[in-house]
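Visitor: I am new to this structure and would like a close look at a single part of it. Could you take me through the charged contacts and then through the strands around them?

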Amino acid sequence: QAQLVESGGGLVQPGGSLRLSCAASGRAATNIAMGWFRRAPGKEREFVSAISWSGAGIHYANSVKGRFTISGDNAKKTTYLQMNGLRHEDTAVYYCAAVAYIAAGIDLSVAGDYDYWGQGTQVTVSS
């Protein structure tokens, strides 16, 4: 059974920080890349960041560049998202996702290219 489990969400004031974690197990643990997406109330799911174990590098959405940092442990199949300088507009449910197999033309910013998804963790930025 494939599983991704997120943790680390919560309530934080504007300008604050949170660190999200995502641990993969089962079939999801044999992934070649992991990513973070988010869905704010009333909005579509959007790409946040991704990290590849196969040389495709690290990617960020423009809205989080310079504020968020993705990292990971390939051996543990765990990824982290350090979020600094949080803003009201960062409020969303954050989802971890994993790619099982490399495919020609894969785009780590596209949700449809991911094979496994976590249940999500709520991040609320409010004063």
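Guide: In this predicted model, Asp 90 and Arg 38 form a salt bridge in which the closest N and O atoms are 2.9 Å apart. The two partners come from distant parts of the chain, since Asp 90 sits in the loop between β8 and β9 (92-99) while Arg 38 belongs to strand β4, 52 residues apart. Asp 90 has a relative accessibility of 0% and therefore counts as buried, for the cut-off is under 20% relative accessible area. Arg 38, with a relative accessible area of 5%, is buried as well.

Asp 90 has another partner, Arg 67, and in that salt bridge the closest N and O atoms are 2.7 Å apart. Arg 67 lies in the loop between β6 and β7 and Asp 90 in the loop between β8 and β9, so this pair ties together parts that are 23 residues apart in sequence. Both Arg 67 and Asp 90 are buried.

Arg 38, for its part, also meets the side chain of Glu 46 in a salt bridge, at 2.6 Å from N to O. Taken together, Arg 38, Glu 46, Arg 67 and Asp 90 are linked in a network of salt bridges, and a search of the whole structure finds three salt bridges. As a general point, side chains of opposite charge can pair when their charged atoms come close.

From the charged residues we can turn to the strands. Strand β4 (residues 33-39) runs antiparallel to β5, and six bridges join the two; within this pairing, Gly 35 stands opposite Ala 50 of β5. The hairpin of β4 and β5 has six residues between the strands, and in this hairpin Gly 42 takes a positive phi near 75°.

Strand β5 (residues 46-52) is largely enclosed by the rest of the structure, because six of its seven residues are buried. Strand β5 is also joined by three bridges to strand β6 (residues 58-60), again in an antiparallel arrangement, and here the bridge partner of Ala 50 is His 59 in β6. In the hairpin of β5 and β6, where five residues lie between the strands, Gly 55 takes a positive phi near 95°.

The loops that hold Arg 67 and Asp 90 lead on to a further sheet. Four strands form an open sheet in the order β1-β3-β8-β7, with antiparallel pairing. Its edge strands are β1 (3-7) and β7 (68-73), each of which pairs on one side only, and the twist from one strand to the next averages 15°. Six bridges join β7 to strand β8 (residues 78-83), and these two run antiparallel, with Phe 68 standing opposite Met 83 in β8.

Technical notes
Residues are numbered from 1 along each chain as its sequence is written. This is a predicted model: local features need pLDDT of at least 70, side-chain atom pairs count only at pLDDT 80 or more; totals for chains, interfaces and linings use all residues. Side-chain values use heavy atoms; hydrogens and water are left out. Buried means under 20% relative accessible area, exposed over 50%, partly exposed in between (1.4 Å probe, protein chains only). Two strands pair if DSSP finds at least two bridges between them. Axes are lines fitted to C-alpha atoms, for helices over the stretch in contact, and angles run from 0 to 180 degrees between N-to-C directions. A salt bridge is a side-chain nitrogen of Lys or Arg within 4 Å of a carboxyl oxygen of Asp or Glu.
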